[in-house]
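Please examine the sequence and the structure shown below.

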Amino acid sequence: MSVHHAETLSRDQAAPSAPGGVRRLAARLEPFDSYWQAPADVDAGYAKFAAYYRANYLPHLPVDRSARILVVSCGPGYLVSLLRDAGYTDVRGIDSDPEKIAHARLRGLPCDTAGAFPYLERNREPFDVVIPEQELNHLTLDEQLEFLSLCLRSLKPGGLVIVYGLNGANPLVGSENLAHNIDHFNTFTDYSLRQVLQLAGFTDINVMPLKLYVFWKNPLNYVGLAATSLLELFFRVCFILYGKDVKVLTKKLAAVCTAPR
């Protein structure tokens, strides 16, 4: 992480907690409000991530292409770019890393440098959809509830939030998801992700698996899809034998939920 980035995080992640005091988010190396998954070749990521978002996110977005959408932790603007290409006309992205935002700006994308918490605290124009591109696991439980409450406050009645996180129920990668990164503070199951969203005040919560094998032009994609599908079916049977009804067993899971009307 560059010195410039560190200085930006120190400024943008700080939020008032008391007169004369500041609060910083717990994550340090992979902060929540900056997208970290971009490949070394940033430009190559636009096509790769477009396929991922097209398969996992587009089916859940409003039909109305004038919907006002905020992408939090947008990085170089991968999701913002896809949404613009899909015809959405009122999309904006924020990320705390100016170097990532510079890539988005070079492509003419409406992205700005800002920390997630202070931006949402200041926002007075409600959105139809808020989508964080960073995993909720990069926030502690208290931070998750605060962030989701800010999202709720920034949504129109009936507006949507789409969030995702690491799945602790997968027997192969669940524990590794938590242990391999000091900035991962928890994992979810379909049940616990629903709990967090309910506590934050959301309704109509739909928890779903995130598809990894979405690159249909690659024949190996079908091999990976078949193998992981069989494994997840086997895992689910094992959970049932132990009296556990766990439905989502992918590496990552997501949820679409609604602000009360």
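Strand S6 is largely enclosed by the rest of the structure, because 5 of its 6 residues are buried; buried means under 20% relative accessible area, exposed over 50%, and partly exposed in between (1.4 Å probe, protein chains only). The model is predicted, so local features need pLDDT of at least 70 and side-chain atom pairs count only at pLDDT 80 or more, while totals for chains, interfaces and linings use all residues. Residues are numbered from 1 along each chain as its sequence is written, and side-chain values use heavy atoms, with hydrogens and water left out.

**Strands and their pairing**

- Helices (H or I, at least four residues) and strands (E, at least two) are DSSP runs, numbered from the N terminus.
- Strands pair if DSSP finds at least two bridges between them.
- S6 (residues 127–132) runs parallel to S3, and 4 bridges join the two.
- Within this pairing, Ile-69 has Val-129 of S6 as its bridge partner, and Val-72 stands opposite Pro-132.
- S6 is also joined by 3 bridges to the parallel strand S7 (residues 155–166), where Val-161 is the bridge partner of Val-130.
- Strand S3 (residues 68–72) is mostly covered, with 5 of its 5 residues buried.
- On one side of S3 lie Arg-68, Leu-70 and Val-72, and on the other Ile-69 and Val-71.
- S3 is joined by 5 bridges to S4 (residues 90–95), which runs parallel to S3; Gly-93 in S4 is the bridge partner of Val-71.

**Crossovers**

- A crossover is right-handed if, with the strands pointing away from the viewer, the path from the first strand over the helix to the second runs clockwise.
- S3, helix H3 (residues 78–85) and S4 form a right-handed β-α-β unit.
- A right-handed β-α-β unit is likewise made by S6, helix H6 (residues 141–153) and S7.

**Cysteines**

- A disulfide is a covalent bond between the sulfur atoms of two cysteines.
- Here it is taken as a pair of cysteine sulfur atoms within 2.5 Å, and the count comes to 0 disulfides.
- Cys-74 is in no disulfide, as the nearest cysteine sulfur, that of Cys-111, is 3.8 Å away.
- Cys-74 is buried, with a relative accessible area of 0%.
- The sulfur of Cys-151 is too far from the closest cysteine sulfur for a bond, at 8.9 Å from that of Cys-257.
- Cys-151 is buried, also with a relative accessible area of 0%.

**A residue in helix H9**

- Tyr-222 lies in helix H9 (residues 219–241).
- Tyr-222 counts as partly exposed because its relative accessibility is 45%.
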